[in-house]
Amino acid sequence: MRVAIAGSNGLACSIADAITTNTYHQIIILSRAPKPQLSARGWQVVVVNYDESHRQELAFKLAGVSVVLSVISGPPQVALIDAAAQAGVRRFAPAEFEGPAALRPQQDALDRGKRAALDRLRYYQTRGMQYTSFVCGILYERFAPGGMYASRIGLRSGIGAEGDYLVNISQRKAQIPYGTNGQPAIISLTSAEDVGKFVAAAISLPQWPPELRMSGDRMNVTRLVQIVETVRGAGFEKAHYNSQSMWSALQLAQAAQDIQQQLRVITLMATASGRFDFATPDLNSLVAVTPTTFQAWLQEAWRDR
């Protein structure tokens, strides 16, 4: 089967590596610019343009592709969906890779074009193209040295640096958001490497439902901070947030016109609302992937640091 991966960042590479290592599928990497470092790995890189005026050309480059896995967002992803439908692509997975879409609010500051992509995919589903949203919760790489940016993940998110989400390990600081039930928020998590393995294995499933959930671990934020403290061998300064204190923090960031801090607080509020939690990772039981636990991953990521 011929599989196209749209994007060349760290998560796209994790998916590409898992497909080439664990399956016999052929892959092509769709990129807006040449990527000699990826070509050097033996991967075919196809330079594409997602502008509307280039849709015919994009569809032509998707000829013979059965599955498109997207790690791009916004209007380029919608253009890719249209071109994939025109080219007869049978399956499309949009750039989701977070919590379940049903848990997102109607007015979502973290949307980045995801709703528009899902709407377009639902339209094409009625015309025979299957799609699935791969749900993985929070990526472990948010807690890596340097954050997600160090793995070239979330480069356009604005909140992928170390310390942008829940814990700043280098500075030994943590934020603990509480839900409306007064309990610490619960999150599901998966490593980028395991996301790649799950996605690679899911390509061959006989049917794709609209959503497939995977998880490497699940815990409340207090437990996550305890694991970080254990791995680092030190206590962390903790700031506790309820809904009122989070709204106050957001108002302060808005008054200061600090967009990055606004995104941090909005993501903290989303965590408190349960946006990144799910109790039934169905993909775990459908494919033969044994994910790494958060603690084991963290110990390796911070070894010798």
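The buried residues of helix 6 are Ala192, Asp194, Val195, Gly196, Phe198, Val199, Ala200 and Ala202, where buried denotes under 20% relative accessible area with a 1.4 Å probe and protein chains only. Because eight of the eleven residues of this helix (residues 192–202) are buried, helix 6 is largely enclosed by the rest of the structure. The model is predicted, with local features requiring pLDDT of at least 70 and side-chain atom pairs pLDDT 80 or more, whereas totals for chains, interfaces and linings use all residues. Residues are numbered from 1 along each chain as its sequence is written, and side-chain values use heavy atoms, leaving out hydrogens and water.

Tyrosine 140 and tryptophan 297 form a tilted pair, at 5.5 Å centre to centre and 55 degrees between the planes. This pair links distant parts of the chain, 157 residues apart: tyrosine 140 lies in the loop between strand 8 and strand 9, and tryptophan 297 in helix 11. Tyrosine 140 is buried, at a relative accessible area of 0%, as is tryptophan 297, at 14%. Phenylalanine 143 and tyrosine 165 form a tilted pair, with 6.1 Å between centres and 50 degrees between planes. Both phenylalanine 143 and tyrosine 165 are buried.

One aromatic cluster comprises Tyr140, Phe143, Tyr165, Phe276, Phe294 and Trp297. The charged end of arginine 142 sits over the ring of tyrosine 165, 5.1 Å from its centre (criterion: NZ of Lys or CZ of Arg within 6 Å of the ring centre and within 35 degrees of the ring normal).

Terms used:
Buried < 20%, exposed > 50% of the residue type's maximum accessible area, 1.4 Å probe, protein only. Helix = DSSP H or I, 4+ residues; strand = E, 2+ residues; numbered from the N terminus. Phe/Tyr/Trp six-rings, centres within 6.5 Å; stacked < 30°, edge-to-face > 60°.
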